[in-house]
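Here are a few notes to read alongside the structure. Have a look at it before you go through the points.

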Amino acid sequence: MTTRLTLETRGDTQVIVTRRFAAPPATVFRAHVDPLIMPRWLTGPDGWVMRVCISEPRPGGRIRCEWVDAEGQNGFHLTGEYHEIDEGSRILHVERMHLPDPTPDNRVETLFRPDAGGTLMVMTMTVADAASRAAMLETGMAEGMEASYQRLEGLPGYRDA
């Protein structure tokens, strides 16, 4: 099973990230919303840590994640809100990065489907305009996301959860 993420663009405002995981959809879903699990893997490139994680996976629930580099000199954070949750199969939320100024809202729909004994995840991100999408892609997000996903798959007990 090839697991490395693929990224494609659609129209002027969408980015679609697809990745396979060797764990059941409920496990991959939980890793994306559980504030006790997220800081263990959702850290991007090596050397960064998530020092604050608030995740309230219910309609209207808050999201806040704060990252800092190994020296503690550089950091950024993300805020957002959950809009719809279908336990184990779908998340719809809005998020904005603070770099330090907030980016325009990014509407993110993430689907988790059974696939060859694991999970096929399809994440569709929709931003306000082409310039916002270009700026998002220039951050190196694909490399950071893949590093995080590889870290997730290496967590002890992750596949058995």
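1. First, the ground rules. This is a predicted model, where local features need pLDDT of at least 70, side-chain atom pairs count only at pLDDT 80 or more, and totals for chains, interfaces and linings use all residues. Residues are numbered from 1 along each chain as its sequence is written, and side-chain values use heavy atoms, with hydrogens and water left out.

2. Start with strand β2, residues 14–21. Strands here are DSSP runs (E, at least two residues), and helices are too (H or I, at least four), numbered from the N terminus. Seven of the eight residues in β2 are buried, so the rest of the structure largely encloses this strand. Buried means under 20% relative accessible area (1.4 Å probe, protein chains only).

3. Who sits beside β2? Strand β1 (residues 6–10) runs antiparallel to β2, with five bridges joining them; Glu8, for instance, has Ile16 as its bridge partner. Strands pair if DSSP finds at least two bridges between them. In the hairpin they form, three residues lie between the strands, and Gly11 takes a positive phi near 60°.

4. β2 also pairs with strand β8 (residues 118–126), again in the antiparallel sense, over eight bridges. There, Phe21 has Thr119 as its bridge partner.

5. Now find helix α4 (residues 141–153): it gives the largest share of the lining of the largest pocket, five residues.

Terms used. Buried < 20%, exposed > 50% of the residue type's maximum accessible area, 1.4 Å probe, protein only.
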